Amino acid sequence: MSDASLPLAPAPAMAAGGRRHLPFWLGAVAVAVLLFVALRAIGNDYGYFAGYFILQYVVLATAWNILGGYAGYVNFGAAGFMAAGAYTAIALRKATGLDLLPGIVAAAAVGALLGLGTGYLTLRLRGVYFSIATLCLAVVLQTLVVNWDYVGGSRGAYIVRPREVAPFTSYGEYLFLVMLVLAVLAVGIARTVEVTRLGRGLQAIRDNERAAEAVGVPTLRLKLIATALCGALMAVAGAPLPYYSGYLNPDGAFSLAYAVNAIAMPLIGGAGTWAGPVIGAVLLGSLQQAATVTISSALNLWIVGWMLVIFVAVAPRGILGWFRKRR
Amino acid sequence: MDGDLVLLLNGIVSGLLLGGLYAAAAAGLAVSFGMLDIVNIAHPALMVAGGFLVVLVGTALGLDPLLVSVLLAVPFYFLGVAVYTFYHHFFERRGDEALQGLAFFFGVMFIIEVGLVMSFGPEQHFLDPPYAFITWRLGEIDIPLRMLAPALLAMAAIGALWLFLRRSFTGLAISAVAQDAEALRLMAVDPVRIKRLAFGLSVALAAIAGGALVVVQPVEPSSGQVFIGRVFAICIMGGMGSLSGCVLAAFVFGVVENVTATFYGPSWSPAVAFGWLLLVLAVRPQGLFGKAA
């Protein structure tokens, strides 16, 4: 294994990345502001609706990438984490009347704990056991929610969303802005992870876990941090979902679409880089948003499944890797 | 006899019969995941696809579902060979099993499930053979043939596979490839060919498990999801590559799940599977019957 992937080795990219923090944040905020202004100029509520749809996948794909892309541990339970966030928001609102923003914070805590718990039990073993556990986690959480009458059980729960929030023209606009901020934060967090010691350690784990352990990388601790972060961000992506749709049932919250997109998007965009999931999410998200208008949603998802299989086989480094090879 | 005791006895017996179905579902995985180290998470989806094809063919030709599933095992063998050839060429050879290979099987699982929804609709499909409505009674204990026939077929199929692995040269080579592929190469046996064959067999078992599933309960495209937790839990509990351990674990699992369902309601049974899986992974990852890893 090369020196560059060891966290102990002097890492020039780390220092350089550190210095480039400010331009990144400025750039990200500028893109976000531009996006918001452009959509506001168009002034169509469908724009916000579609924008939210894509941005939630940016958060979800970025979250998956923190564990899957950097550390190489595959989390199949994106739908479970996302639904955990959504139902946390519903339960919190029902219990205390607190609405969206506290709901997001609570969802982050629940998602982090869920990730930590699953990780703690399975991450000491080979990676596949963690993957299998997350695969089942979604099924079990769905069982719990279906049996939990407080949040509506299998009938689902309604959330009466306010018509508008003070300075915004519509609630859709408000939700879009919330998701936009979350997406910028998520990508920023992922990028920070990537260029700091945490990311270097995770990459060392991906390349050779035993060697990483041998040179003193605290592998279990790093993996647990990454799992908690990944779970928290996935739950955050789901927290505004009941407000977005106004109604949520277990079938909708645990939709297969989230599980497959969370994996397909980073892998197609290019896993292991902060930009990869963004590219994948924007690309696949817009395609699906455009396609739901024209073709059935099942066929839509089927195409995503095929794209995933074809991409991992033919372009295992995703779109970004494709460009890198050409250069 | 006491009512609760009768209920418990019946729960245990039908749990054992259910364990037969689980053994059929998990045995294929014991070969692919346990022996070949191929994490085929699409296995339950393949089983459900097999179930759907059994319903389709059985209804069209008026044949018994279990018979159809045995016939279907042949094309499924070749399907497995094709899947392994693809998997080996793109992932195993490059050393990309961990991330890309896993994502590949997830994609396959997804394609199968959504494909089934698109071609058959999301609702349940069933094909009941005439004996499905007969129940033998031994004193207070019910033995429904609906459960017994699939369990017997499963035992027969696993028994045949066990004999094949123990007695034939190819079978021994499959067991050997699990331990040391390089040594196999020194014996002038191509490990890739052996693995292709073994993976084909594991998918053929998925077809038989699909037929067994159709007799036990109606199938729907999402049936596979509940089975993922079950079959992996059983496979790990049974000590991965061991067929006898797998069957034993399947019986234990069937009984525990069925007794839970009898006393707490069937809607909790998926949670039982997951609880077991986590418990096994946390406490005894080498399996209940396996030796220390």
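Trainee: Which residue stands opposite B:Thr135 in strand 2 of chain B?
Mentor: This is a predicted model. In it, strand 1 (residues 135–138) of chain B pairs with strand 2 (residues 141–144) of chain B. The residue of strand 2 of chain B that stands opposite B:Thr135 is B:Pro144.

Trainee: In which sense do strand 1 of chain B and strand 2 of chain B pair?
Mentor: B:Thr135 stands opposite B:Pro144, and B:Arg137 stands opposite B:Asp142. Four bridges join the two strands of chain B, and the sense of their pairing is antiparallel.

Trainee: Which residue takes a positive phi in the hairpin of these two strands of chain B?
Mentor: The hairpin of strand 1 of chain B and strand 2 of chain B has two residues between the strands. A positive phi near 65° is taken there by B:Gly139.

Trainee: Is helix 2 of chain B roughly perpendicular or oblique to helix 3 of chain B?
Mentor: Helix 2 (residues 43–61) of chain B and helix 3 (residues 65–92) of chain B have axes 9 Å apart and pack at an angle of about 120°. Roughly perpendicular covers 65 to 115 degrees, and roughly antiparallel begins over 145. The angle therefore makes helix 2 of chain B, relative to helix 3 of chain B, oblique.

Trainee: How many charged residues are in the contact of helix 2 of chain B with helix 3 of chain B?
Mentor: Helix 2 of chain B contributes B:Gly50, B:Leu53, B:Val54, B:Val57 and B:Gly58, and helix 3 of chain B contributes B:Pro65, B:Val68, B:Ser69, B:Leu72 and B:Phe76. By class, seven of these residues are nonpolar and three are polar.

Trainee: How many nonpolar residues are in the contact of helix 13 of chain A with helix 14 of chain A?
Mentor: Helix 13 (residues 256–269) of chain A and helix 14 (residues 275–294) of chain A pack at about 115°, with axes 7 Å apart, and their crossing is right-handed. Among the residues in contact are A:Ala264 and A:Met265 of helix 13 of chain A, and A:Val278 and A:Leu284 of helix 14 of chain A. The contact has four polar and no charged residues, and its count of nonpolar residues is nine.

Trainee: Which helix of chain B supplies the largest share of the side that touches chain A?
Mentor: The contact takes 35 residues from chain B and 36 residues from chain A. Helix 4 (97–120), helix 9 (223–237) and helix 11 (269–283) of chain B each supply at least two residues of the chain B side. The largest share, 15 residues, comes from helix 4 of chain B.

Trainee: How many residues of that side of chain B are charged?
Mentor: The side of chain B that touches chain A has 28 nonpolar residues and six polar ones. The number of charged residues on that side is one.

Trainee: Which element of chain A has the lowest mean pLDDT?
Mentor: Chain A has a mean pLDDT of 85, with 93% of its residues at 70 or more. Over residues 1–17 of chain A, however, the pLDDT is below 50. Among the elements of chain A, the highest mean pLDDT, 92, belongs to helix 10 (residues 219–238), and the lowest, 47, to helix 1 (residues 12–19) of chain A.

Notes:
Residues numbered from 1 in each chain as written. Chains lettered and ligands numbered in written order. Predicted model: local features only at pLDDT ≥ 70, side-chain atom pairs only at ≥ 80, totals over all residues. Contact = placed C-beta atoms within 7 Å. Nonpolar A, V, L, I, M, F, W, Y, C, P; charged D, E, K, R; others polar. pLDDT = per-residue confidence, 0-100. Pairing = 2+ DSSP bridges. Axes fitted to C-alpha atoms, helices over the stretch in contact; angles between N-to-C directions. Parallel < 35°, antiparallel > 145°, perpendicular 65-115°, else oblique. Left-handed = near helix turned anticlockwise from the far one by under 90°.
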